[in-house]
Amino acid sequence: MRLSQFIKPLIVAAVILAAGSIAPVQAAGFTIDDYGTNQGPIGAIFPTQPLDEGTLVTGVATGGERDLAAAATTGTQGATTGIGVAGGLLRYLQDDPTSTNDSGGFGTVQYDGIDGNGDPYTGLDSDGLGGIDLTSGGAANAFCLDIDEMIQLNVSLAVSTDAESVSSLTTFIDDIESPTTVAFPFVDFFPTGGAGADFSDVGAIVLTLGNPRDESSASINIFRTCTVAAVNIPNGDLDAGGLAPWTDAGTGSLVNAGSQAHTPPTVYRFTGATAGFGTEIIRQVLSQSGSAGDTYYLSFYIYGLDIQEYVQKGVRISFIGATTQNVLCPTSSVDDFNWQRQVCEAEATIPYNQIRIDIGWRGAGSGSMAIDSISMVTLVP
Ligand SMILES: [Ca+2]
Ligand SMILES: [Ca+2]
Ligand SMILES: [Ca+2]
């Protein structure tokens, strides 16, 4: 049986799951790929076929070609990673037949011009796009992914100006079950090569989907640029010399984590041993007015140590007007994990004049969790 035939049922299953979804309205922006041209699916099996890659000249995707690759990197025998484009969606599925949740893999989508090479390790033409302007002359300042479905996935975006100038951003998406747009502001990217990329002079864009140790999946409708506006969160980096204007409830505290902080030196640390299984949060209320339909993205970095599965944790964003609308963004990561960026998408359904942010956990009798580098943007329609 050919590998693609093996993987195909996995992809088909994802298609069926997503068939009832309704595509979101597309805001203005530069479309990198609308996934209107089918490709693959291709797939990898651990450990016998750890890598599969293919390229497709589409004439539609940015640079005229889409390079796909699937890699199965660790885990149990027979664990699979599949990626493909069908039905107007980029689909990714990482599956472990034993459901032991210790199999790792990833899929990549390269937009690097017509180089005919999708190898995720050696096949990137860093200036293959010849210097496109992702900012559209300053009008755009973020990537947007219109996502139909996504489960427990690291979404990594890398932008190259050339081989020496690269910027990247990795975000853990916990659970998206209905069509949702997620913004990735350019300002949140970090230099991962030299001084970083010039987003107005771009030679390659790479989208990587994967999970180092768990089953995961994604269906992405459109990959495009978009525009966001910063929302000021005072002391969002927690480095102002005190907690204010945040308040806290519980027994956590600011700690000096030195260079181990995400933004040095200070983080807020929740400690399960002293929590007494109660609710511990840090809270800030912003004077921010708006109306139904406004969309916000709160991003934060979270660090975990020995966090038990039964602990409830994450973010609650509340729009406060004549009534209060709560949006919950739980975080499912458990055990030990290094700083990971998470984003909470919240769309207002009421008029509001305040936004309240609560970050914390409940029910932890052990372990610890640290929070740092909290920021927020709103989508400019
Ligand atoms: Ca290419
Ligand atoms: Ca390539
Ligand atoms: Ca900090």
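The following questions and answers concern a predicted model of a protein chain.

Student: Which elements give two or more residues to the side of domain 1 that touches domain 2?
Tutor: The domain assignment places domain 1 at 3–226 and domain 2 at 231–379. In the contact between them, 11 residues of domain 1 meet 13 residues of domain 2. On the domain 1 side, the elements that give two or more residues are strand E9 (165–176) and strand E10 (180–185).

Student: How many nonpolar, polar and charged residues are on the side of domain 1 that touches domain 2?
Tutor: That side consists of 11 residues of domain 1. Sorted by class, they are five nonpolar, four polar and two charged residues.

Student: Is strand E19 mostly covered or mostly open, and how many of its residues are buried?
Tutor: Strand E19 spans residues 295–307 and is joined by 10 bridges to strand E22 (residues 335–347), in the antiparallel sense. Nine bridges join E19 to strand E24 (residues 368–379), again antiparallel. E19 is mostly covered, and the number of buried residues is 11 of 13.

Student: Which residue in E24 stands opposite Tyr 301?
Tutor: E19 and E24 run antiparallel. In E24, the residue opposite Tyr 301 is Asp 372.

Student: Which strands are the edge strands of the open five-stranded sheet?
Tutor: The order in this antiparallel sheet is E15-E18-E23-E20-E21. An edge strand here pairs on one side only, and this applies to strand E15 (247–249) and strand E21 (324–330).

Student: Which residue in E23 is the bridge partner of Phe 319?
Tutor: Strand E20 (residues 312–320) and strand E23 (residues 352–362) pair in the antiparallel sense over nine bridges. In E23, the partner of Phe 319 is Ile 355.

Student: What is omega for the cis peptide bond from Pro 264 to Pro 265?
Tutor: Pro 265 is found in the loop between strand E16 (253–256) and strand E17 (266–271). The bond from Pro 264 to Pro 265 is cis, with omega near 5°.

Student: Why does Ser 373 count as partly exposed?
Tutor: Ser 373 is found in strand E24, and its phi is near 55°, a positive value in a residue other than glycine. A buried residue needs 20 or more C-beta neighbours within 10 Å, and an exposed one has 12 or fewer. Ser 373 counts as partly exposed because its number of C-beta neighbours inside 10 Å is 19.

How values were computed: Residues are numbered from 1 along each chain as its sequence is written. Chains are lettered from A and ligands numbered from 1 in the order in which they are written. This is a predicted model: local features need pLDDT of at least 70, side-chain atom pairs count only at pLDDT 80 or more; totals for chains, interfaces and linings use all residues. Domain bounds come from an automatic or database domain assignment. Two residues are in contact if their C-beta atoms, placed from the backbone, lie within 7 Å. Helices (H or I, at least four residues) and strands (E, at least two) are DSSP runs, numbered from the N terminus. Ala, Val, Leu, Ile, Met, Phe, Trp, Tyr, Cys and Pro count as nonpolar, Asp, Glu, Lys and Arg as charged, and the others, Gly among them, as polar. Two strands pair if DSSP finds at least two bridges between them.
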